[in-house]
Amino acid sequence: MAATARIRLLASCYISPALYRAAPRHMRGPRSMCTLSTTLGSGADEDEIERIRREFEDAKRNYLSIPAAMKDMPKMDPQGIYVNKNVKLDDLQVYGFDYDYTLSHYSDHLQCLIYDLAKKHLVDEFKYPESCLQYEYDRRFPVRGLYYDKLKGCLVKLDFFGSIEPDGCFFGRRKLSPTEIKELYGTRHIGRDQVRQLVGLMDVFCFSEACLIADIVQHFVDAKLEFDAPYIYEDVNKAIQHVHRSGLVHRKVLAEPQKFLIKNSQVFRFLKTLREKGKKLFLLTNSPFYFVDGGMSYLLEDQHFDGNSWRELFDVVIAQANKPTFYNSDHPFRVYDTEKDTLAFTAVDKFLPSEVYYHGCLKSFLQITKWRGPEVIYFGDHLLSDLRGPSKAGWRTAAVIRELEDEIGIQNGDSYRFQQAKLSIIHDLLGKVHATVVSTEKGQVYRALLDELNAERHQCRSGMRNLFNSSFGATFLTDTGKESSFAYHIHQYADIYTSKLENFLSHAPESWLHPPHDIKIMPHNAKVPASLFSGS
C-alpha cells in the first residue's frame, strides 16, 4: 500500500495506542484496525445514545428553569434600525420617499375595501358566480412575502433558500400536508424551472390580493367547478389593478380619510428635521398626485408650515412614476398641471419645487439633479418595485416594514423565548443523535429517541408559530427557524430596515449604522445558544 494511501486510511479511523497494543498481532494492519475500531466502537455509540437519552430527560426536568436563565439575555428593539450594509448617515445628502405605506399608513379598512371592490369587479365584469360575493377579507390569513403558483394554484411561503415551508402551502384555504406538497412538487425545493410560474406578493397591498385568490380557488373547489389556476390569478390581478388604476379606491379613501389613514405627527417631525439639516428631499410614488395631495393634506393638517402646503417639505415631487419600470426605462418627465389635470408638452430639463412631475425615468432623474448614487437614500415598503432598482443603481436603500414592530414584540415575549430555548436544546440533542451510529440490535432504542425528539421539536415549532399568523406563521422566519424568502429579499435589497420612518429621530445625523459582527443573515433575529442552559 502506498504511504499516502496508508496515511489517509489511518486518519479516517484514528486508533489509540492502547487499543493498538491490545489487538492481536495479526490484526494490527491499517484495514484490520479500522474494522476492529468499528466493531468495538459500536458499543460506545450505543452508550452514547443512552447518554443522550439521559440528557434529554434532564433537559425536560429543567425546562422550568429556562425563564430564569434567559432573564439576562438582551431583547431586540421593536423601534430599532436594523442594518444589512454599513450606512454613514452623515454621507447622505438626499432622502427619497415612496408614499403608500412609507409616508402614509392605513388602517385594516383599506384591505377590506380593496378586497370588496375587486370581488365585485370579478362578478360584474368577469361574470364570476354571484356566490363569490359572500366572502369577506380575512386579516388573519395572509402575510407579506407569499408566492402564488400560477400553474398549480397554490399560495406558498418559501424559506431563504427557496424551499416550501412544510406548513406553508395552501390550495384555496386548505393547508396541504407535507405528503401532498411532495406529491404536487416532487420536492419541497423550488427549482429554477418552477420559479417562473411563481408570482411574489411582496407589499401590504398584496394582502387583499392573496386572500381573494385563495377564496376564489376555494369557492371553485367547494362548488366542484372546473377551473384553470392561471386564469384565477390573471382575473384577480386585473381586478385589483382596476381598483387602483380606475381611482375607485383613491376616491373612497379621500372621502373618508379618518377611516382609512392613520395620522402620525412624528413623520412630519422627521421630514422637517431633515430639511433643517440641509438635506434634499424628494417624493417618488406610483400614486396619482390628487391622491397623494389629499392624503398628505389630511395627515399633516394639524402641522404648521412656513408656506401653505406639505409640498414645501420636498425639493422634487414625482407622481405616477410607474416603478419598477421607472428604474430602467427612458420615459421622459412631464410637468403636471394640478389645476387643469393635464400634462405639459415641453421638455423637462430642471426640477422646480413649485411643480409636480409625472412619469420619467432614473436616467433622466440623475442627469437633471446631478445627485450621485451613494449620497442618495430611498425609503419604500415594496422590496422589488421600490428598492431593487435603486439598490442596483447605487443608491442606499431603506425598507419600511410595519410588521417588524409586532413580530419583534412577540419574539421578545416570554412565551416565544421559552419555546425558542427549548427548540435550541432539542436541535443540539438531535445533532448528537444524528452523529451517532448504532448497531441493528439497538436500532429500536435509537429510533424511539429520535421520534421523541422530533415530536418535541414539532411541538416547539407549533408553539412559536401560533404566536404569529395562524396560517403562515412569522413574516421573517419559517417554522424550521430559517429566514423566509421575504427576509432574503430584505437582505438583498435593503441596506437598512425598520418599522417606521420616525425611528430615525433617535439617531444623530452623524451616526454610522453598521451590522453586528456576529449576525450572519437578519440582524433582528436573535439566536439562543443551547450552551446557555447546559448548567441548568
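Predicted model: local features only at pLDDT ≥ 70, side-chain atom pairs only at ≥ 80, totals over all residues.
Q: How much space lies in the largest pocket, and which residues are nearest its centre?

A: The largest pocket holds about 1200 Å³ of space, a volume being the space filled by probe spheres set on grid points joined across faces, edges and corners. Its lining comprises 38 residues, and Asp 203, Gln 241, Asn 286, Lys 323 and Ser 385 lie nearest the centre.

Q: Which element gives the most to that lining?

A: Helix H9 does, with six residues. Strand E8 (198–201) and helices H8 (206–222), H9 (229–245), H10 (248–255), H13 and H15 (383–393) each supply at least two residues of the lining. Helices (H or I, at least four residues) and strands (E, at least two) are DSSP runs, numbered from the N terminus.

Q: And the second largest pocket: how much space lies there?

A: About 730 Å³ lies in the second largest pocket. It is lined by 27 residues, and Asp 108, Arg 139, Phe 207, Glu 403 and Asp 406 are the closest to its centre. Helix H16 (residues 403–412) gives the most to this lining, with five residues. By class, the lining has 12 nonpolar, six polar and nine charged residues.

Q: Changing topic, how many cavities are there of 30 Å³ or more?

A: The count comes to three cavities of 30 Å³ or more. About 110 Å³ of space lies in the largest cavity. Tyr 416, Met 464, Leu 477, Thr 478 and Asp 479 lie nearest the centre of the largest cavity, among 14 lining residues. These 14 divide into six nonpolar, three polar and five charged residues.

Q: Which helices supply the lining of the largest cavity?

A: Helix H17 (414–434) and H18 each supply at least two residues, and H18 gives the most, with three.

Q: What span should H18 have, and how far apart are its ends?

A: At 1.5 Å a residue, the 23 residues of H18 (residues 443–465) should span 33 Å, and the end C-alpha atoms are 32 Å apart, which agrees. The expected span is 1.5 Å times one less than the number of residues.

Q: Which residues of H18 are buried?

A: Tyr 446, Leu 449, Leu 450, Leu 453, Glu 456, Cys 460, Arg 461, Met 464 and Arg 465 are buried. Buried means under 20% relative accessible area, exposed over 50%, and partly exposed in between (1.4 Å probe, protein chains only). An α-helix has 3.6 residues a turn, so residues three or four places apart point the same way.

Q: Back to Lys 323: what kind of peptide bond joins Lys 323 and Pro 324?

A: The bond is cis, with omega about 5 degrees. Pro 324 lies in the loop between strand E10 (316–319) and strand E11 (333–337). Asn 322 lies in the loop between E10 and E11 too, and has a positive phi of about 60 degrees although it is not a glycine. Most residues other than glycine have a negative phi, and most peptide bonds are trans.

Q: Is Asn 322 buried, exposed or partly exposed, and why?

A: Asn 322 counts as partly exposed because its relative accessibility is 35%.

Q: What about Lys 370: where does it lie?

A: Lys 370 lies in the loop between helix H14 (362–369) and strand E14 (376–380). Its phi is positive, about 65 degrees, although it is not a glycine. Lys 370 is exposed, with a relative accessible area of 62%.

Q: What does Thr 285 touch?

A: Not counting residues up to four places away in sequence, Thr 285 touches Asp 98, Tyr 99, Asp 100, Val 292, Ile 318, Ala 319, Gln 320, Ala 321 and Lys 323; contact means heavy atoms within 4.5 Å. Thr 285 is in the loop between strand E9 (280–284) and helix H13 (289–299), and it counts as buried at 1% relative accessibility.

Note on methods. Residues numbered from 1 in each chain as written. Heavy atoms only, no water. 1 Å grid on protein atoms, 1.4 Å probe; cavity = no way out; pocket = protein on both sides within 12 Å on 5 of 7 lines; lining within 4 Å. Nonpolar A, V, L, I, M, F, W, Y, C, P; charged D, E, K, R; others polar.
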